[in-house]
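Have the sequence and the structure open while reading.

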Amino acid sequence: MAAAVEIQGLSCRFGGVKALDAVDIRLSPGEVLGLIGPNGSGKTSLFNLLTGHHNPEAGAILLDGLDLAGQSPSQIARFGIARTFQNLRLLRRLSVYENVRAARHACAPLRDAFWLSPAARRQERDSLMNLLDIFGLSEKAQKTPAELTLVQMRHLEIARLLAADPKLVLLDEPAAGMTSAETQAITEVIATHVLPGRSAIVIEHKMQLVAALCPRIAVLNAGRKIADGPTGQVLADSAVRQSYFGAKPC
Amino acid sequence: MLLDIVQNTLDGLAIGSAYGLLAIGFTLIFGVMRRLNIAFGPSIMVGIFAGAWLHSQWSAGMIPVFLATLAGAVLASAYVERISFAAIRGDAALASMASSFAIWMQLEEAVVHVFPGRTYAFPTLQTIPMLEIGPVFLRPEYLAMFLTAAALILLLQWILTRTRFGLEVRTLADNPEAARVSGVNVAQVAFLTFLLAAVIGGVAGFLIAATDGQITPKIGLWATMKGLIAMVIGGLGSLRGALIGGLVLGVVEAQAQWFLGAAGREIVTYTLLFLALVMLPSGLAGRADAGARTEALRRL
Amino acid sequence: MDAFTISVLSNIGLFSFLAISAWVLLICGEISFGQQAYFAIGAYAGGIATAVWQWPFALGVGFGVVLGAVIGGLVAWPTTRLSGMHYAIATLAFAEFVRSCLNVFSYQREVDGYLTGPDGANGFRDIRWAYEAGVEPLGYLGIIAAGLAAVIGLIACMARGRGMAQLRIVGEDPILAGMQGLNVNRIRIAAATLAGGIAALGGALYAHLATYVEPAQFGVMIGVHSLAYGLIGGLGTVFGPILGVLVDIGLLESLRVFSSYRMIVFGGLVALVLILRPRGILDEKTVRRIQAWLRR
Amino acid sequence: MLTLENLSKHFGGVRAVDDVSLTISEGEIFGLIGPNGSGKSTIINLITGLYVPTAGKVTLDGWDLTAMAQHERTSVGVARTFQNIRLFGNLSVAQNLWVAQNGHEQRRAHFLSRWFKAGGEHAPDVEELLRFSQLHSKRDVQASALSFGEMRRLEMARALASNPRVLLLDEPAAGASLEDGQLLAERIRAVRDRGVTVLLIEHMMELVMGITDRIAVLNFGRKIAEGSPTEVQANEDVRAAYLGSSHKKEKLIHA
């Protein structure tokens, strides 16, 4: 189920800026990695490369030994990578239910486009409503995303990600804009429903969430990996603190 | 054979310069608004009929007819801008396009109402004898068309590069958001760009009508089609491309018309247009960001 | 029903096919100015099949539909990669190409002692199936209604299945659709195939009602009209484009008091609707509200 | 001078900015910080008129900005830069600046005479600004051909060209190295010395702490702290917002 990931010497640039510079990251099956670093350090670019949204300048990405280079985003999604977006990417004219259902479409045979038997429909409905229920969204199933709160939108993105049942999940700041109590809640949801049986990379600024979910952390700064190791050790690293808080001691 | 080709090229360049003007009008509006005004041709048609009316009513001379054509086109364009563009705000390129289509219906019906017949006379430039340059002929109205178009394009070039209004038009086409924070009055510049486009289109319409000597309300559809096609052949959002697109379209049409007749001309033109789009999606002027510019329309 | 009502209703039905065809593409984010091409292909193919080859009506119409769908898919194959405006103009170019080809397309055979078949710009006369089979205008209206019901039924099935949602996702956010594993290009080609088939069905039915078709009938104007129907009626459901047709043809006929000003009134109404509701009368929000109300 | 009074902006259910009041005085460098999604950019967008506030208003020396169109705000003296640089890529460096002078001139000239005057080629302050931003040698280069750092400098110069009273800088150091940051700090001080009040949004704490006179901290669209850099750094709520409130993590950072 869970996938092994190997990122080797990954580089890319946008305009004049080197967004990623020879980054190596290895993930064994079922491992959860926290990815931290200041804004603009290349974390989201790494996700964009992993999902095939951008092409790398150099380097390779292997998912269970399979090279993802040159694959289209849709193929990569079918290999079992799913992600959330920091700036929330929801389909604003579709209902909450349809947003989650969208993720189920990928591998459907052509016949399903024109006909779903009532039983299949019921089964799909039940499983998706269950999923929405986990995230406290079943009441809102027929609303549009615009009618949700920010926290509910973030939950919806994670629900959508789960609907695709991926092997590797990429979470881009799942707790951005949340209060400490809300962060606590989403941390628990992720720990119980998302992570079991999956590999994961989590981008997050909130140490509360990172420390609870990720036994291991990698730190990016200006496109380079500057640290990688057990969470406590990395956070104590002076280079990491400098990249976050500047050279002056706080 | 070779002589025919040369002759056709000359004729095609003349007509093509008018197409180029139409395409430039489209491009100006599209560049500034990121929206398509398909009522552009019909607005010009209103101008042409205003000129024809002046001609038939008081047998007015060339210059009053010309001014009436421009005035009609500008007024109709102002109307289109207010109803279909200024009134529809935000991310609604499709709504503006559909709305400009509705206004097209209105304009056409209004003109048909005032001019119930099918064709009307328009004063022609065919008063001077044909010029002969060696073996090729130069129709004087074609020469006038070409020279007027060239002069207008130089004037436009001057406006866009040398005046502050032109600079603001270019900033708006380049990066609307940065233009806003730089203090450009977007609504005002957009409105005046519409009027500028109407003047350019009005001149093109006048030249074409004065060459043909007769007009029908169908000239609105015709102008929209030719302008759109020339704009797309040249590559969206580039004025130079629009001009090149117009000239290419004119020459291709003239050659095909001569060798294949009217039906053949249509088939050849549209086949070439289709192939050009599929093989050269960024147009003859080859702008890499043409795709980004059209994203506005891709997003519903 | 009097003859006038029947002919108005038949027209509404026939234009609905075109409007739905353009709407299907709008849903998946493509603006097509050229659905009239498939209407023409359906009309000519269906007419040739029944009038020249003497095929049965259903088979002839079916032939038109298949031809329209196949050509729709083939044209989509190179064009769906184009960006919005370029796609729109490419469809326009293709439609005008088809029309100008029909202008020189002659294919006449002797049937029952008469020369039958399309004759270039002179058009295609005597598509007489309805007359020969003794179908009254009312009966033919029934056939049109049945065809429309079939199309609406197909789209309803797609809405129950996954098809409609796939189209909408691709239209809303093609990048997200790709990242969720949808093959965006393939879905767009499928949509174009479907749209081609629907327009061709309308065309085939139209040819047998009118008994006479000519290339000039399939100009840009109906293409742009059919696009506008969806935008006026609303993009939320398949009833949006039909509503658009109703407003246009229904209103055009009912506003007879305005006599020759009716286009001016209609144009003004449409512009007003679009200022107030940029996504048409039956937009997604309204549709969802109506659904919720129905469920209650 | 620049005052935000009970400013709120809601997007659907999201309270991007929630009842924020701030007063920035003349000649100050004011920092606005907060975690991602805390509403900093929204505030800039509200001040410049990209968004209409749900409630509250923004005033500049008593002018109600919220009642003005975007270009009018420029002409009363508000200018900004963008987090992802926005320039006129097809225009030359100097032309980028001429356009922005517009906001300044609008107050004086009738629009027709303004527009049909030739493009202000010799406007003196453009030359001065080019020198100020060290772009003089590039004055006729297309903006899209500049290096990343030059683009950032040009963007700031363009903002200054409209002769602003307040300059809003949206993450001017994004993508810049630490050394660039020091140059940037000097440049921002120089801008202040020209008599321009600066509102700075930035993630590079080094920069913010080093040059600002006062700082406000946002979290979930609400202002959670305001004061001098040292006061803010010592504030418990601020640490919690940035690092999570859990006590254990607090220790980790200090370890």
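How many residue pairs are in polar contact across the interface of chain B and chain C? The rule finds two, both partners having pLDDT 80 or more. The model is predicted.

## Chain B against chain C

Here 44 residues of chain B are in contact with 48 residues of chain C. About 4,100 Å² is buried between chain B and chain C, and carbon and sulfur atoms give 77% of that area. One salt bridge is counted between chain B and chain C. It joins the side chains of E266(B) and R99(C), at 3.4 Å from N to O.

On the side of chain B that touches chain C, α4 (93-114), α9 (219-234), α10 (239-279) and α11 (290-298) of chain B each supply at least two residues. α4(B) gives the most, with 15 residues. By type, this side of chain B divides into 33 nonpolar, six polar and five charged residues.

## R99(C) and its neighbour in the helix

R99(C) also forms a salt bridge with E96(C), with the closest N and O atoms 2.9 Å apart. Both residues lie in helix α4 (residues 84-104) of chain C; they are three residues apart and so separated by about one helical turn. An α-helix has 3.6 residues a turn, so residues three or four places apart point the same way.

E96(C) is buried, at 4% relative accessible area. R99(C) is buried as well, at 15%.

## Chain C against chain A

The contact takes 26 residues from chain C and 32 residues from chain A. Together the two chains bury about 2,800 Å², 57% of it on carbon and sulfur atoms. In chain C, R162(C), M179(C) and R288(C) lose the most area to chain A, together 28% of what that side buries.

Three salt bridges are counted between chain C and chain A. One of them pairs R162(C) with E124(A), at 2.6 Å from N to O. Ten residue pairs are in polar contact between chain C and chain A, both partners at pLDDT 80 or more. Two or more residues each come from α6 (137-160), α7 (163-172), α8 (174-179) and α13 (284-295) of chain C. The largest share, six residues, is from α7(C). The chain C side holds ten nonpolar, seven polar and nine charged residues.

## Salt bridges within chains

Over all chains, the whole structure has 41 salt bridges. In chain A, E57(A) pairs with R13(A), with the closest N and O atoms 3.1 Å apart. E57(A) sits in the loop between α1 (43-50) and β4 (58-63), and R13(A) in strand β1 (residues 5-14), so the bridge ties together parts 44 residues apart in sequence. E57(A) is partly exposed, at 46% relative accessible area. R13(A) is partly exposed too, at 39%. Elsewhere in chain A, E31(A), R216(A), K225(A) and D228(A) are linked in a network of salt bridges.

In chain D, R194(D) bridges to E128(D), with 3.2 Å between the closest N and O atoms. R194(D) lies in the loop between α7 (178-193) and β8 (197-201), and E128(D) in helix α5 (residues 124-132), so this pair ties together parts 66 residues apart in sequence.

## A covered helix in chain B

Helix α8 (residues 186-212) of chain B has 27 residues and reaches 38 Å from its first C-alpha to its last, close to the 39 Å expected. α8(B) is mostly covered, with 21 of its 27 residues buried. G213(B) follows α8(B) and has a positive phi, near 80 degrees.

How values were computed
Residues are numbered from 1 along each chain as its sequence is written. Chains are lettered from A and ligands numbered from 1 in the order in which they are written. This is a predicted model: local features need pLDDT of at least 70, side-chain atom pairs count only at pLDDT 80 or more; totals for chains, interfaces and linings use all residues. Side-chain values use heavy atoms; hydrogens and water are left out. Contact means heavy atoms within 4.5 Å. Buried area is the accessible area (1.4 Å probe) that two parts lose on being put together, summed over both. A salt bridge is a side-chain nitrogen of Lys or Arg within 4 Å of a carboxyl oxygen of Asp or Glu. A polar contact is a pair of N or O atoms within 3.5 Å; within protein, one must be able to donate a hydrogen and the other to accept it, and residues adjacent in sequence count only if both atoms are side-chain atoms. Helices (H or I, at least four residues) and strands (E, at least two) are DSSP runs, numbered from the N terminus. Ala, Val, Leu, Ile, Met, Phe, Trp, Tyr, Cys and Pro count as nonpolar, Asp, Glu, Lys and Arg as charged, and the others, Gly among them, as polar. The expected span of a helix is 1.5 Å times one less than its number of residues. Buried means under 20% relative accessible area, exposed over 50%, partly exposed in between (1.4 Å probe, protein chains only).
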